[in-house]
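Please find below a briefing on the structure shown here. It covers local backbone features, the strand arrangements and the ligand site.

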Amino acid sequence: MITRSETLFQEAVEVIPGGVNSPVRAFGSIGGTPRFIQSAKGACLYDEDGNCYIDFIGSWGPMILGHSHEKVVESVVEACRHGLSFGAATAAEVEMAKLVCGMVPSIEMVRMVNSGTEAVMSAIRAARGFTRRDKIVKFTGCYHGHSDGLLVHAGSGAMTAGMPDSLGVPAGCAKDTLLAEYNNLDSVKMHFGRCGEEIAAVIVEPVAANMGVVPPAPGFLEGLREICDTYHAVLIFDEVITGFRLGVDGAQGYYQVTPDLTTFGKIIGGGMPVGAYGGKREIMELVAPLGGVYQAGTLSGNPVAMAAGIAQLTLLKEYPEYYHDLNKKGDWFYGKIEQLVKDAGMPCQVNHVGSLGCLYFTDQQVINYETAKTSDTQAFAQYCNYMIGHGFYLAPAQFEAMFLSLAHTDEMLEKAILCMKDYFERL
Ligand SMILES: *Cc1c(COP(=O)(O)O)cnc(C)c1O
């Protein structure tokens, strides 16, 4: 019998490229039809066919409190009653900016935008304006959104699709993007040695979470800080995933390394389309209308989106023990997975930092893009299909992270582990 998801997908592919509005939602790399989701509550997703899944994507991060959190939904509904958009300044924007500056000490000023992509491209422009330099250093396998200059050897969907570079990116846009290897400071020093005076910024995911999950090696982030200081380049942490996830002050707090600029997305909007960039006052003061770096947005700081973000961040800020619990949950869960693949004699690697984790099907330790790519994506596809078929909704691609939320109970996680165990024992 044909499912409702299958019917919807057949209709979707006629009118939406690939049937999806973002490539990572497609099931191309594992086969099968994307599940069309009707609703979600806590850690559970319900599809159009009435199937229930325990969700390990969490909308790719934002749902750190679980889906449809009562306080977040209430705030949004209340904001809607006052109007959907004014295109004018609101009190909510001030509250949001104060919250972010209060939670993340390195942020002295912040500007709201509508997505992570926008946050990163704006932060890069600010860094270039500040330094009056053009070149940037990015790491192979890190994903910073889909703007031209950053879609060079990007992670996430681009990596899964085997498209290290996108069509339609003019060579001129990519020529100022210098590629370095994650966890390899020498590859960064090489660029600075050659043209350090022309490099505006180094942008990095402080925990790489778009080539699976790759933690920074000890000293890596500190080393980037030092290099940037030496050459007066701007250090940008792309905390679109790690921000408000590893702790109230993100990866910069977790690893105690302070960037000059930070980009946010995902969690900051509580599920609404929000991004933000901020950092040192002397850089942010260059942003229009105060300074000469132009950046604007008709719907930026939208009151409904701010209501969701404020509600979520406020809850996270008021209960910092949330992070202790969430990170502990992650240590336990990924530790269990590591043990079970070991017991099953599988050539697998489990990488994790707090609630973010990834299971790779390779016997090599995964420390960068090259080693991540050694993962057997066919083996992953089989495993992933089995898990989704048994009610555990994993990202349908090897190079995506698993996201835990506060709504995942021990019981749910134990069930997932049992299902994985069954799968590996049957192989
Ligand atoms: C998701 C992501 C982005 C892009 O954010 P969008 O909201 O999808 O545009 C940028 N950087 C990182 C690290 C991301 O994970």
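**Backbone, sheets and ligand site**

Arginine 132 is placed in the loop between helix H4 (116-131) and strand S5 (135-139); helices (H or I, at least four residues) and strands (E, at least two) are DSSP runs, numbered from the N terminus. The model is predicted, so local features need pLDDT of at least 70 and side-chain atom pairs count only at pLDDT 80 or more, whereas totals for chains, interfaces and linings use all residues. Residues are numbered from 1 along each chain as its sequence is written, and side-chain values use heavy atoms, with hydrogens and water left out.

**Backbone features**

- Most residues other than glycine have a negative phi, and most peptide bonds are trans.
- Arginine 132, although not a glycine, has a positive phi of about 55°.
- Alanine 288 and proline 289 are joined by a cis peptide bond, with omega of about 10°.
- Proline 289 has its place in the loop between helix H10 (281-284) and helix H11 (303-318).

**The sheet of 7 strands**

- An open sheet is formed by 7 strands in the order S4-S10-S9-S8-S7-S5-S6, with mixed pairing; two strands pair if DSSP finds at least two bridges between them.
- Strand S4 (109-113) and strand S6 (177-180) stand at the edges with a single partner strand each, so one side of each has no neighbour in the sheet.
- From one strand to the next, the twist averages 20°.
- Strand S9 (residues 261-264) pairs with strand S10 (residues 275-279) in the antiparallel sense over 4 bridges, and leucine 261 has glycine 279 in S10 as its bridge partner.

**The sheet of 3 strands**

- In the order S11-S12-S14, 3 strands form an open sheet with antiparallel pairing.
- The edges are strand S11 (349-353) and strand S14 (402-403); each has a single partner strand, so one side of each is left without a neighbour in the sheet.
- Strand S12 (residues 356-360) pairs with S14 in the antiparallel sense over 2 bridges, and the bridge partner of glycine 357 in S14 is methionine 402.
- Helix H12 (residues 321-343) packs on this sheet and touches S11, S12 and S14, where contact means heavy atoms within 4.5 Å.
- The direction of helix H12 makes about 175° with that of S11; axes are lines fitted to C-alpha atoms, for helices over the stretch in contact, and angles run from 0 to 180 degrees between N-to-C directions.

- Strand S2 (residues 44-47) and strand S3 (residues 52-55) pair in the antiparallel sense over 3 bridges, with cysteine 52 in S3 as the bridge partner of tyrosine 46.
- S2 and S3 form a hairpin with 4 residues between them, and glycine 50 in the turn has a positive phi of about 85°.
- S3 is joined by 2 bridges to strand S13 (residues 392-393), and the two run parallel; aspartate 55 has tyrosine 393 in S13 as its bridge partner.

**Ligand site**

- The residues surrounding the ligand (a heavy atom within 4 Å) include Ser115, Thr117, His144, Glu205, Asp238 and Lys266.
- A polar backbone atom of glycine 116 is 2.8 Å from an oxygen atom of the ligand; a polar contact is a pair of N or O atoms within 3.5 Å.
- A backbone N or O atom of tyrosine 143 lies 3.2 Å from a nitrogen atom of the ligand.
- A polar side-chain atom of asparagine 210 lies 3.1 Å from an oxygen atom of the ligand.
- Taken alone, the ligand exposes 380 Å², of which the protein buries 83% (Shrake-Rupley method, 1.4 Å probe).

How values were computed:
A polar contact is a pair of N or O atoms within 3.5 Å; within protein, one must be able to donate a hydrogen and the other to accept it, and residues adjacent in sequence count only if both atoms are side-chain atoms.
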